[in-house]
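Trainee: Could you take me through this structure and show me where its labels come from?
Mentor: Gladly, let us look at it together.

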Amino acid sequence: MEFKIDKTDENARACTIKTAHSIIKTPVFMPVGTVGAVKSLDAVDMSEILDAKIILANTYHMYLRPTSKVVKNFGGLHGFTKFNRSFLTDSGGFQAFSLSKISKTTDEGIKFASHIDGSRHYFTPKSVIDIQHNLKSDIMMILDDLIALPATKKRVEESIKRTILWGKEALEYHKFKQMNGIGINQNLFGIIQGGTDYEARKKCALEFSEMEFDGLAIGGLSVGESNEEMYDTVEGVMEFIDENRPRYLMGVGTPEDLIENIERGVDMFDCVMPTRNARNGTLFTSFGKINIKSAKFINDDMPIDKECDCYTCKRYSRGYLNHLYRSKELTFYRLASLHNLHYYLNLTKGAREAILKREFSKFKKAFYAKRS
């Protein structure tokens with residue numbers, strides 16, 4: 001991986017990340033393709049229509065079905081999905097914790113039951129690296145001990161101790177495998193945990209900044225805390241994160257979350273919100289959200305957003321989309337998802353352009369002014 005800071009505007013950053021499969025300009029939003037596909041969209045939609053440079057796939061889901069060995073036989077995620085740009089794979093720890101009715105976390109790893117058939121499985125810091133080596137993702141994430149918020153101080157301390165232990169083990173194992181010709185073009189990110197506890201985040205960030213991770217992520221947010229607690233936590237931990245590596249805020253979030261955290265120095269984001277909301281009829285626009293299933297759109301011949309130049313807005317009306325949704329037509333999912341993802345990708349692209357001109361403050365004010 002090559003990483004370069006192109007320009008800063010106070011804490012906001014415009015950077016370039018180069019992997020084996022694409023050049024990624026940050027700030028960047030990564031669409032979520034949980035099982036190797038962004039829901040209702042294919043590789044052509046992602047690369048030729050949306051021009052996404054990187055998407056996220058989920059280690060837990062790919063491990064259970066179709067299995068990482070099957071994906072490996074197709075040449076990894078790129079050969080399996082035909083999306084020939086970058087993939088980031090998360091460790092699967094959150095899903096093992098949250099989707100399993102029976103999960104148990106120890107210092108050695110996470111034992112869990114499959115949400116598909118109840119079969120028993122075990123994730124360790126090394127096994128999730130093996131899975132991700134099979135998937136051949138460009139960026140791999142370590143196994144981390146994520147906790148729901150609020151949490152006791154004892155549980156937070158246990159989480160960061162375990163996450164640091166697992167991070168060190170994963171990094172050493174990945175370096176060992178690379179020496180043996182495996183995962184040579186793959187990169188590994190550490191995940192900073194600590195809830196909303198300033199000292200815990202500081203400790204975890206400082207420990208990981210001393211290790212040879214290719215990038216550093218902030219995990220364990222947007223799991224029950226308020227927006228202000230999230231923003232304060234990100235702002236507080238930033239001074240302890242090595243600035244010469246990509247900074248990734250995991251699983252966040254709303255358009256406002258992106259703007260606020262770009263201002264605080266975050267480079268990379270992912271979230272299911274744009275596609276999940278699209279399927280439920282909620283569409284993001286420059287002036288806020290609209291619910292396309294509302295009866296007021298039945299005869300509306302306007303595009304979703306007159307300021308949007310996405311595939312959907314250039315071709316179809318609110319009235320037509322309202323009809324597709326009410327008719328339960330599957331085409332709606334694709335058209336709505338294309339619009340929402342274009343909005344997110346365009347928002348981060350606009351933020352980058354503003355940072356390059358050192359006008360991010362002006363960009364942020366305009367963003368909120370339109371929405372009010």
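Mentor: We begin with a definition: helices (H or I, at least four residues) and strands (E, at least two) are DSSP runs, numbered from the N terminus. Over residues 11-371 the chain is 43% helix and 17% strand, with the end C-alpha atoms 24 Å apart. This is a predicted model, in which local features need pLDDT of at least 70, side-chain atom pairs count only at pLDDT 80 or more, and totals for chains, interfaces and linings use all residues. Residues are numbered from 1 along each chain as its sequence is written, and side-chain values use heavy atoms, with hydrogens and water left out.

Trainee: What does UniProt place at residues 11-371?
Mentor: An unreviewed UniProt entry gives "domain: tRNA-guanine(15) transglycosylase-like" there. UniProt positions follow the numbering used here, feature names are shortened, and annotations may be inferred rather than shown by experiment.

Trainee: Why is strand S6 (residues 86-90) called mostly covered?
Mentor: Buried means under 20% relative accessible area, exposed over 50%, and partly exposed in between (1.4 Å probe, protein chains only). In S6, 5 of its 5 residues are buried, and that makes the strand mostly covered. Ser86, Leu88 and Asp90 are buried on one side, and Phe87 and Thr89 on the other.

Trainee: What makes S5 and S6 a pair?
Mentor: Two strands pair if DSSP finds at least two bridges between them. S5 and S6 run parallel and are joined by 5 bridges; Ile54 has Ser86 as its bridge partner in S6. S6 and strand S10 (residues 139-141) are also parallel, joined by 2 bridges, and Leu88 stands opposite Ile139 in S10.

Trainee: Where does Gly92 lie, and is Gly92 buried or exposed?
Mentor: Gly92 lies in the loop between S6 and H5. Its relative accessible area is 1%, so Gly92 counts as buried. The unreviewed UniProt entry includes Gly92 under "binding site", together with Asp90, Ser91, Gly93, Phe94, Asp144, Gln193 and Gly220. From this set, Gly93 and Asp144 are in the lining of the largest cavity.

Trainee: What makes a space a pocket rather than a cavity?
Mentor: On a 1 Å grid over the protein atoms alone, a cavity is a set of points where a 1.4 Å probe fits but cannot get out, while a pocket is an open set with protein on both sides within 12 Å along at least five of seven lines; lining residues have an atom within 4 Å of a point. The largest pocket has a volume of about 850 Å³. Its lining has 32 residues, of which Phe94, Gln95, Gly251, Asp270 and Val272 lie nearest the centre. H11 gives the largest share, 5 residues.

Trainee: How do you know that the largest pocket lies between domain 1 (2-270) and domain 2 (272-371)?
Mentor: Both domains give residues to the lining of the largest pocket, so it lies between them. The domain bounds come from an automatic or database domain assignment.

Trainee: How many residues line the second largest pocket, and which lie nearest its centre?
Mentor: The second largest pocket is lined by 22 residues, with Leu50, Asp51, Leu345, Asn346 and Lys349 nearest its centre. About 520 Å³ of space lies in this second largest pocket, and H13 supplies the largest share of its lining, 7 residues. Domain 1 (2-270) and domain 2 (272-371) each give at least three residues to that lining.

Technical notes. Grid points are joined across faces, edges and corners, and a volume is the space filled by probe spheres set on the points.
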